[in-house]
Amino acid sequence: MEFDFSDEQREIQATARDFLAARFKPERVRELAQSESPYDDAIWNEMCDLGWPGIALPEEHGGQGLGVVELVILLEQTGYALAPSPLISNAFAGTVIAAAGSDEQQRRWLPGIASGEERGAAEFTNDPGPLVGAAAGSAVLVLAEGDGAKLVPTDEAALERIELIDATRAYFIARAEGGDPLPGDIAPAVDAGMVGLAAESVGVAQRALEMAISYAKEREQFGRPIGAYQAVSHRLADMLWDVEEARSLTYYAAWCADAQPESLPLAASMAKARASDSATSVTHNAIQTLGGIGFTWEHDVHFFLKRARVSAQLMGSAGQHRERVAALAGL
Amino acid sequence: MDLTLTPEEQAFRDEVRAWIADNHPGPAPGGGDQAQFEFERAWQRKLHAAGWAGISWPKEYGGRGATLIEQSIFGEELARAKAPRPANVLGLVMGGPVVIAHGTEEQKERFLEPILSAEEIWCQGFSEPESGSDLASLKTKAVKENGGFRITGQKVWTTFAHEAKWCMLVARTDPDAAKHKGLTYFLMDMEQDEIEVRPLRQITGEAEFNELFIEGAYVPDENVVGGVGNGWMVAITTLMNERAGLGASAALGLANALDELIALAKERGRADDPLIRDKVARLKIGIEGLRLGAMRSLTATMKVGTPGPEGSIAKLQWSSTNQALTELALEVGGLGALRSDSLWAYRFLRSRANSIEGGTSDVLRNIVAERVLGLPKLR
């Protein structure tokens with residue numbers, strides 16, 4: 001038994017952290033979030049050079065042949081950097097096609113998704129309509145249909161941009177008649193997608209926690225740093241609890257996706273429920289710790305809160321996932 | 001990352017599981033009385049005869065020298081089989097490891113074997129009425145007297161004091177030294193007239209703990225552990241051992257209890273209630289979070305010697321989950337669960353201590369804030 005990353009995985013993590021910190025400095029994230037499209041093509045091309053879009057896709061289709069664990073390592077870091085990026089949408093589309101697509105569908109779409117040159121984007125939720133992230137600029141959409149999914153070339157779909165409070169991603173309602181149904185079972189890929197979102201939320205929560213800690217160390221009131229007061233320090237301790245518990249559950253679910261698929265449905269819903277709640281709660285508490293400055297547009301923390309809140313609503317809310325957990329736990 | 005057991009770990013688990021299946025003494029008599037204690041003593045003798053009693057102790061001291069992962073597997077298997085606890089749990093988990101770490105060769109020779117065999121039961125004399133979380137403020141005095149010390153003071157929350165032969169006692173040997181520096185760690189013989197043990201009846205109605213009134217009890221010099229004035233450092237070792245004892249087996253105990261709660265919800269026709277379902281799912285997630293955090297800690301400890309930040313929250317996770325679980329059982333069970341002879345009522349009442357014993361949740365949050373998050377100290 002070893003519940004830790006391998007040296008190679010640590011390498012991926014360190015590379016991602018350094019790369020994203022350099023490319024997505026807070027000023028740049030703010031600039032992107034306030035622009036027409038939040039995605040930076042030059043940075044995406046660099047991510048493609050690093051092999052990230054196809055990290056978990058099979059080598060025969062141009063991917064790196066690694067697993068959901070490695071994908072989750074990247075997504076935790078994109079969450080930490082609050083990187084506006086099509087990475088998660090593209091990875092989700094690739095995972096679904098790889099799991100449920102026919103040979104022909106895989107041959108047609110996976111190489112472009114793996115290289116990042118012909119991106120895919122998959123539906124996150126159907127409320128208020130088929131909602132897809134990073135649809136503009138993608139080549140193919142994976143839209144839900146019944147219990148399965150269908151493929152629609154993006155230029156055959158009607159895209160409507162929907163402005164959500166999270167401006168660090170572009171969201172679209174995508175409607176399309178027809179389409180090419182995927183013959184296989186999409187359930188494991190959908191579960192893996194939830195784990196990806198959970199990982200991103202863990203990263204978001206970690207960053208918000210760090211912001212709150214450093215402020216609590218510096219900010220003085222009544223003659224001492226506010227972090228010395230237990231009303232503040234105990235809240236921060238509970239935030240660490242939130243982050244670490246969500247992280248344990250998320251890493252475990254990622255491992256299940258790769259190595260123990262029979263445990264994935266329960267593990268994925270536990271991770272998604274806990275990570276959604278953790279990220280919303282930790283960002284709320286970060287704002288409370290920051291006080292007035294945390295409520296201003298000028299401070300970055302609100303971007304994290306908004307991402308956490310929207311991600312918590314994608315692919316099932318925490319309450320919906322707990323219902324699934326209860327059923328799978330035998331109730 | 002591989003969360004399955006290696007073939008060696010699996011073989012170890014199978015060995016443990018088979019041994020427990022062959023040797024499980026059946027359900028405990030319960031009631032917390034003498035019969036219960038003798039039952040636990042007999043169980044420990046069995047464990048010891050097969051070499052399981054001091055699983056974490058080095059082989060040279062009669063233990064098994066098991067790795068951390070083996071200890072964790074062993075604890076999980078005991079929890080899975082709902083095996084009784086061994087009678088001398090404080091000696092095994094705290095007393096023995098302290099003597100091994102800080103004791104003289106003579107002390108190791110004298111004290112270790114009877115701990116393993118449960119021939120001599122150990123209790124812990126740390127807390128005092130005026131010194132709980134602020135343990136270093138304790139006032140029990142140890143005054144030098146020909147070849148030993150005379151001890152006077154009062155201790156509280158002393159589990160097994162009425163059964164114990166030895167008490168791990170921390171007392172003040174230097175009233176003029178700074179508060180952490182004037183303390184000494186003693187092994188005090190409980191069989192003396194100068195010690196009065198009074199049962200301390202608790203919220204559940206039973207008396208699991210005791211108060212000790214010590215009026216000039218004698219401890220010879222050879223029963224000082226770690227040297228005069230080093231009591232704080234030695235005591236910290238004991239407390240660290242207490243906290244390291246949590247983890248995977250605690251999660252398994254909770255998982256067993258959750259299964260019982262799910263059965264209760266079905267029996268009571270509450271299985272479809274969305275509020276109950278949501279709370280059960282929260283518990284399931286909390287228990288799994290504790291189990292997985294324990295596995296991360298275990299890996300980190302084996303690799304680098306200390307657990308990561310996830311290890312610092314294990315006790316908080318366990319106590320709050322157990323409290324929430326027993327509260328939900330009362331809601332599901334209705335007044336039937338509140339009958340004075342109900343097991344759920346007992347568990348609920350007992351769980352109130354979970355966030356106090358072994359480090360209060362308030363102090364644990366201070367520790368997380370200061371040592372893990374690096375926040376400034378209040379004091």
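This is a predicted model: local features need pLDDT of at least 70, side-chain atom pairs count only at pLDDT 80 or more; totals for chains, interfaces and linings use all residues.
Residues are numbered from 1 along each chain as its sequence is written, chains are lettered from A and ligands numbered from 1 in the order in which they are written, and side-chain values use heavy atoms, with hydrogens and water left out.

**View 1. The contact between chain B and chain A.** Chain B brings 49 residues and chain A brings 46 residues to this contact, where contact means heavy atoms within 4.5 Å. The area buried between the two chains is about 4,400 Å², with 67% given by carbon and sulfur atoms; buried area is the accessible area (1.4 Å probe) that two parts lose on being put together, summed over both. On the side of chain B, the residues B:M1, B:R277 and B:R296 supply 19% of the area that this chain buries against chain A, more than any other three residues. Six salt bridges are counted between chain B and chain A, a salt bridge being a side-chain nitrogen of Lys or Arg within 4 Å of a carboxyl oxygen of Asp or Glu. A:D4 forms a salt bridge with B:K303, and the closest N and O atoms of this pair are 2.9 Å apart.

View 2. A search of the whole structure finds 48 salt bridges over all chains. In the pair shown here, B:E15 forms a salt bridge with B:R64, with the closest N and O atoms 3.4 Å apart. B:E15 lies in helix α1 (residues 7-23) of chain B and B:R64 in the loop between α2 (34-49) and α3 (68-80), so the pair ties together parts that are 49 residues apart in sequence. Helices (H or I, at least four residues) and strands (E, at least two) are DSSP runs, numbered from the N terminus.

**View 3. Helices α5 and α6 of chain A.** Helix α5 (residues 87-100) and helix α6 (residues 103-115) of chain A pack at an angle of about 155°, with their axes 10 Å apart. Axes are lines fitted to C-alpha atoms, for helices over the stretch in contact, and angles run from 0 to 180 degrees between N-to-C directions. The two helices, α5(A) and α6(A), are therefore roughly antiparallel to each other (angles over 145 degrees count as roughly antiparallel, and those under 35 as roughly parallel). The contact includes A:N90 and A:I97 of α5(A), together with A:W109 and A:I113 of α6(A).

**View 4. Helices α3 and α7 of chain B.** In chain B, α3(B) and helix α7 (residues 248-267) pack at an angle of about 20°, with their axes 8 Å apart, and α3(B) and α7(B) are therefore roughly parallel to each other. Among the residues that meet here are B:S72, B:G75 and B:E76 in α3(B) and B:L252 and B:N256 in α7(B).

**View 5. Two backbone features in loops of chain A.** Most residues other than glycine have a negative phi, and most peptide bonds are trans. The peptide bond from A:D127 to A:P128 is cis, with omega near 15°, and A:P128 is found in the loop between β1 (120-125) and β2 (131-133) of chain A. A:L82, although not a glycine, has a positive phi of about 50°, and A:L82 has its place in the loop between α4 and α5 of chain A.

Definitions and conventions: Angles under 35 degrees count as roughly parallel, over 145 as roughly antiparallel, 65 to 115 as roughly perpendicular and the rest as oblique.
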